[in-house]
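Work through the exercises below with the sequence and the 3D model side by side. Try each task before reading its solution.

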Amino acid sequence: MQAQKSGDKSMTSQTDEAAQSRLMADIPYDQQTKITIERRGQIVLIGINRPYIDNRLDPDATESLARAYYEYDRDPSLRAAVLFGYGDRFSRGVDVDAYKAFAQSGKKMMDGPGFIDPLVRTRPALTKPLVVAVHGDTWNMAHELFLVADIRVASEDTEFGQDENRHGRFPGGGATVRFPREAGWGNAMRFILTGDHWGAKEALRMGTVQEVAPNRDAALAKAVEIANKIAACGPLGIKTSLASSHMALEDSQTALAKLGDQYRALFTTRDFQEGRDAEAQKRPPVYEGR
């Protein structure tokens, strides 16, 4: 009996260690840190920190962001993430010189496990919610990072741009797919084909922005508020909602056909019962993700 108890303790310890190893670590702000990570309870703030170069992402920063997305997605204690930028602007996109040097080196980006492409051009993709808060210049690759998010908040001073065609390039990070889908064909082509920039009010009109805030701090605060509201919901239901919605974008008929199975699966979970109990008892629910 004692041996069994010891074995149970050992198994529990191993389980705890495994869970602990999946927890996303903080990466505090420092002038040299390109991507910061700040845990706040059940949400995490991910910051782009290269203000000295307009928050442009070089390959190292892109890989750091991809690693952060991966670690967030597999951390069972985190339920929502907020992406934001330090300094006067969210980001002007790609650090072209750094990317050119990397391309000439013959190396590959995100080569191996432990990454989720922040532009979601390849699998795996995020399975948990991402909220973005933007301000100032949000151009090209930065706008494509913005379009990947599930919910988007912009400061009034935001200037969006997808102007690669002005420079002999084209939007290679997903805007040709996501921008028409989110804003409608004519709206997206109006800016992709001319290279013209647009503001937060125009983005709100097109539907790519869900909230406009008076300034950077207010935009970030609103994004955090939304993330906390998401975190208070049942995580299994949130995950299923995202999976179903993403499937619908790819194949709406298949997504509709799967709704019954997905809903029945939630019936058997502890969180489903907790939602019912909390509602009956008129108290806030305490979800466990199981």
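**Exercise 1. Find the enclosed space.**
Task: How many cavities of 30 Å³ or more does the structure hold, and which residues line the largest cavity?

Solution. Start with the ground rules. This is a predicted model, where local features need pLDDT of at least 70, side-chain atom pairs count only at pLDDT 80 or more, and totals for chains, interfaces and linings use all residues. Residues are numbered from 1 along each chain as its sequence is written, and side-chain values use heavy atoms, with hydrogens and water left out.

Step 1: count. The structure holds one cavity of 30 Å³ or more. A cavity is a set of points, on a 1 Å grid over the protein atoms alone, where a 1.4 Å probe fits but cannot get out; lining residues have an atom within 4 Å of a point.

Step 2: size it. The largest cavity holds about 40 Å³ of space. Volume here is the space filled by probe spheres set on the points, with grid points joined across faces, edges and corners.

Step 3: list the lining. It consists of F84, G85, A133, V134, H135, R216, A219 and L220. Helix α8 (216-231) gives the most, with three residues. Strands β3 (80-85) and β4 (130-134) each supply at least two. Helices (H or I, at least four residues) and strands (E, at least two) are DSSP runs, numbered from the N terminus.

Step 4: sort by type. Five residues are nonpolar, two polar and one charged. Ala, Val, Leu, Ile, Met, Phe, Trp, Tyr, Cys and Pro count as nonpolar, Asp, Glu, Lys and Arg as charged, and the others, Gly among them, as polar.

**Exercise 2. Describe the open space.**
Task: Which element gives the largest share of the lining of the largest pocket?

Solution. Step 1: a pocket is an open set of points with protein on both sides within 12 Å along at least five of seven lines. The largest pocket holds about 710 Å³.

Step 1: its lining has 29 residues; V120, A125, R181, H246 and L249 lie nearest the centre. The lining divides into 13 nonpolar, six polar and ten charged residues.

Step 2: α9 gives the largest share, seven residues. Helices α4 (141-148), α5 (175-183) and α9 (235-250) each supply at least two.

**Exercise 3. Follow the rings.**
Task: Is F84 buried or exposed, and how are the rings of F84 and Y86 set against each other?

Solution. Step 1: F84 is buried, at 6% relative accessibility. Y86 is buried too, at 19%. Buried means under 20% relative accessible area, exposed over 50%, partly exposed in between (1.4 Å probe, protein chains only).

Step 1: the ring centres of F84 and Y86 lie 5.0 Å apart and the planes meet at 55 degrees, so the pair is tilted. Rings of Phe, Tyr and Trp (its six-membered ring) pair if their centres lie within 6.5 Å; planes under 30 degrees apart count as stacked, over 60 as edge-to-face and the rest as tilted.

Step 2: The whole structure has seven aromatic pairs. Y29 and Y86 form a tilted pair, with centres 5.1 Å apart and planes at 40 degrees. This pair links distant parts of the chain, 57 residues apart.

Step 3: find the cluster. F146, F160, F179, F191 and W198 form one aromatic cluster. The charged end of R152 sits over the ring of F146, 5.6 Å from its centre. For such a contact, NZ of Lys or CZ of Arg is within 6 Å of the ring centre and within 35 degrees of the ring normal.
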